Amino acid sequence: MSHPERITIDTEIQFSDPLPQEVDVVVIGGGVIGVFTALNLVEAGHRVLLCEKGRIAGEQSSRNWGWIRQQGRDEDELPIAMQSVQLWRDIDRRLNGACGVSENGVAYLTTKKSELAGFERWVETARRHGLHSEMMTPAQIADSFSGQSAHGWIGGVRTPSDCKGEPWQAVPAVARHAHALGVAMIENCAVRRLDMQVGKVAGVVTERGRVVCDQVVLAGGAWSRLFLGAHGVKIPQLSVLATAARTGPLPDFAKMNSVDEKLAIRRRDDGGYTLAMADRHLFHLGPDGFASLRQWLPELRRQWRHTGFRLGAPKGFPDGWRTKRNWGPDQVTPFEQMRVLEPAPMPGAVGRMASRFVGRFGQVGRPDIPEAWSGMIDAMPDIVPIVDAVPQLPGLTLAAGMSGHGFGIGPGFGRAIARRLLGEPDEHDLSRFRFGRFTDGSVLELGPAL
């Protein structure tokens, strides 16, 4: 079955290189973070192997909204997000538009007066970093939708330099470029365990054999906690399920990517729109959820109205009650048993999105929605990622918990990770993303919810 808007287990394998005996760095995970890390390392002359258990961009990297945004970022993420916008533009130019990147801005809209003060604070934050963001009046909002909406938005905020891309084509295009430059890539090849010798990384054991290396980058998305747990390392990463969909062709009336309290919308290159539920996600309660409950309480208090809870994850999910938690290097792992995490859309989501679209853009009409999908968004309790070396496993660098920001911010974090492995100085202050912040007594500081 064809799924033109995302990657699935049915997608044809593109990368099946022979397993090298030795490399400088192994990257675990073929999402946006892993692919850009590998690209930066190979451009610096390193020998790199990227192993993906299923398909390049098969999970959240092809299932996201397609926004490349600076607006609304955590202030410590903002410099990296600003750099990422430029890096996305640059790689899209180098690849002759294969990533579908264009500058059309992002707008946050509201019908609530209480939201406007937060928008104004964001404008001040942006100004401190040299980023142009501006408040929007109702008339400006109406113009941004070409006069096709009479919805009661009372104001908004926009960042005109924000961009969009087509996720399902963008990450594979960058992967093909990295591969052409010399990155060895293997799909359908799970890394089962690290090979630790004398207390540090000496290689990895994949389902196809052992590879010698002294540096590993774990960019495994929702699977990162499970991989680390098998090595005795705990992180408070959890994942929530979010649903999006694509419409059939519609008039080109929306000048900007936008989101309000309930609906997100982005113009697509195929003539339709990507729609997403902005106010609802699902959380499947599993062993990790219960183990991390105390650390997640502040965020749960903030988001409980928007979170649906389910007792037990579907079979094979990372936090499933029956998902294996430990294994030997010669044993089949959960990564091989679930090559691509393909959660079903939330029940009733398609109908709600279509109705919300009509409620905002009734003059356009009710959209045809041929496909909907879900992805698992992995996050940390403070809604910013860990991007740091793992002290208990010298030689391992972790990049996890991107909290739905990964597609937009991936190029910047990939560059930051590569620079650290190359021994080059950080271009940004990365202390906010340190591994030990959940155990060193630091006060939890929540990042933005969206």
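**Aromatic rings**

Modeller: One aromatic cluster is formed by Phe145, Trp153, Phe253, Tyr273, Phe357 and Phe361. This is a predicted model, in which local features need pLDDT of at least 70 and side-chain atom pairs count only at pLDDT 80 or more, while totals for chains, interfaces and linings use all residues. Residues are numbered from 1 along each chain as its sequence is written, and side-chain values use heavy atoms, with hydrogens and water left out.

The structure holds 18 aromatic pairs (rings of Phe, Tyr and Trp, the last by its six-membered ring, with centres within 6.5 Å; planes under 30 degrees apart are stacked, over 60 edge-to-face, the rest tilted). One of them joins Phe36 and Trp88 edge-to-face, with 5.2 Å from centre to centre and 80 degrees between the planes. This pair links distant parts of the chain, since Phe36 sits in helix α1 (residues 32-43) and Trp88, 52 residues apart from it, in helix α2 (residues 78-94) (helices are DSSP runs of H or I, at least four residues, numbered from the N terminus). Phe36 counts as buried because its relative accessibility is 4% (buried means under 20% relative accessible area, with a 1.4 Å probe and protein chains only), and Trp88 is likewise buried, at 0%.

Phe357 and Phe361 form a tilted pair, with centres 5.1 Å apart and 55 degrees between the planes. Phe357 has a relative accessible area of 0% and is therefore buried; Phe361, at 2%, is buried as well.

Methods. Helices (H or I, at least four residues) and strands (E, at least two) are DSSP runs, numbered from the N terminus. Buried means under 20% relative accessible area, exposed over 50%, partly exposed in between (1.4 Å probe, protein chains only).
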